[in-house]
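Please consult the sequence and coordinates alongside the text.

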Amino acid sequence: MEYRRLGTTGMKVSPLCLGTMTYGSPKWREWVLDAQSSRPFIEKALDAGINFFDTADMYSLGESERVLGKTLLDYVRRDDVVIATKVYHPMSDKPNDRGLSRKHIMKSIDGSLQRLGTDHVDLYQIHRWDYDTPIEETMEALHDVVKAGKARYIGASSMFAWQFAKAQHVAERNGWNRFATMQPMYNLIYREEEREMFPLCRDQGIGVIPWSPLARGVLAGKTTQGEGGESTRARTDENTRKWQLGGGIDTPVIEALREVSHRRGLPMAQIALAWVVANPVVTAPIVGASQARHLDDAIAALDITLSAEEMELLEAAYVPHAIAGHS
């Protein structure tokens, strides 16, 4: 495993990040694995050399953080792994138990640290943009989290490029910590981040850690959603349909992926992930795994080099999409 700098920081991460939304409690989502079923996947990732793990307080309402922290700290030294978590989404029906106010951030970081069983996270990310809180309040609170030693770096997730640029400007103007990373949705059938966000990140040396590199399984060949879906998640996940991933306009791209996959004799998932990894702006895509082959495919994708002809074939049929994943 070859490790990379996370943006312009001095921290080194594996070229894959294991996302842990799938691990926690099936009471939260019926497709989520419980602690006992989750543990082998985290251990398998560690054995493969993956040192980068992403979670969020809202995943299973904190249980994902508990499962991840317990497994990691049972298996490796704390300093050997890079732990990222997120704040923003509601943790209860209380009016202040959500968003990016100073009040919620300060409460949330302490809750996350307690559940993870550590005194700091390596990357503390805002899960979305908060339209109800001044960005100055959010950035100062995040700066104070870093200065208190509770986070090493801060990051952001899906938002408009102008919002990200505004947040960075506010931080720089006030001498506060700037975001070191951006976590957007990015895959073969959703490439809107290439227009403005990726050029901004490249110019500013921001580490890009995309989520949903397989478009929620669509690019692994699981094109049937809803009642006829192959898995519990495919049958119950509303976001794939809401974001219109894998619809009719995506068919030519999916067919091109299928063609390259057939020519190579490799799973579609490996080719789709290899395409994401090949983008020089990307540091480490975030991959999920609920079956052993999911991790096997992700790791194998790191050794695939796509030819210029294959890249052109995969990219040629893309059409613009409505902005998705920002809420």
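Phe179 is buried, with a relative accessible area of 2%; buried means under 20% relative accessible area, exposed over 50% and partly exposed in between, with a 1.4 Å probe and protein chains only. Phe164 likewise counts as buried, at 1% relative accessibility. The model is predicted, so local features need pLDDT of at least 70 and side-chain atom pairs count only at pLDDT 80 or more, while totals for chains, interfaces and linings use all residues. Residues are numbered from 1 along each chain as its sequence is written, and side-chain values use heavy atoms, with hydrogens and water left out.

**Aromatic pairs**

The structure holds seven aromatic pairs. Rings of Phe, Tyr and Trp (its six-membered ring) pair if their centres lie within 6.5 Å; planes under 30 degrees apart count as stacked, over 60 as edge-to-face and the rest as tilted. The rings of Trp28 and Trp31 are edge-to-face, because their planes stand at 65°, with the centres 6.4 Å apart. Trp28 is buried at a relative accessible area of 16%, and Trp31 is buried at 13%. Phe164 and Phe179 form a stacked pair, because their planes lie at 15°, with ring centres 5.9 Å apart. This pair links distant parts of the chain, 15 residues apart: Phe164 belongs to helix H5 (residues 161-174) and Phe179 to strand S8 (residues 179-183). Helices (H or I, at least four residues) and strands (E, at least two) are DSSP runs, numbered from the N terminus. Ring pairs also link Trp28, Trp31 and Tyr59 into a cluster.

Two arginines sit over aromatic rings: Arg29 lies over the face of Trp28 at 4.0 Å from the ring centre, and the charged end of Arg191 lies over the ring of Tyr318, 4.9 Å from its centre. The criterion is that NZ of Lys or CZ of Arg is within 6 Å of the ring centre and within 35 degrees of the ring normal.

**Salt bridges**

The structure holds 20 salt bridges, each being a side-chain nitrogen of Lys or Arg within 4 Å of a carboxyl oxygen of Asp or Glu. The table includes three of them.

| Glu43 | Arg39 | 2.9 Å |

Asp54 in strand S4 (residues 52-54) and Lys86 in strand S5 (residues 82-87) are 32 residues apart, and their pair links distant parts of the chain. Asp54 and Lys86 are both buried. Glu194 is partly exposed, with a relative accessible area of 28%, whereas Arg191 counts as buried at 11% relative accessibility. Salt bridges that share partners join Arg39, Glu43, Lys70 and Asp74 into one network. Within helix H1 (residues 35-47), Glu43 and Arg39 lie four residues apart, about one turn of the helix.

**Sheet and packing helices**

Eight strands form an open sheet with parallel pairing, in the order S9-S8-S7-S6-S5-S4-S3-S10; two strands pair if DSSP finds at least two bridges between them. Strand S9 (207-208) and strand S10 (286-287) are the edge strands, each pairing on one side only. Strand S3 (residues 17-19) runs parallel to S10 and is joined to it by two bridges, with Leu18 opposite Val287.

Helix H3 (residues 102-116) lies across S5 and strand S6 (121-126), at about 140° to S6. H5 packs on the sheet and touches strand S7 (151-157) and S8, its direction making about 165° with that of S8. Contact means heavy atoms within 4.5 Å; axes are lines fitted to C-alpha atoms, for helices over the stretch in contact, and angles run from 0 to 180 degrees between N-to-C directions.
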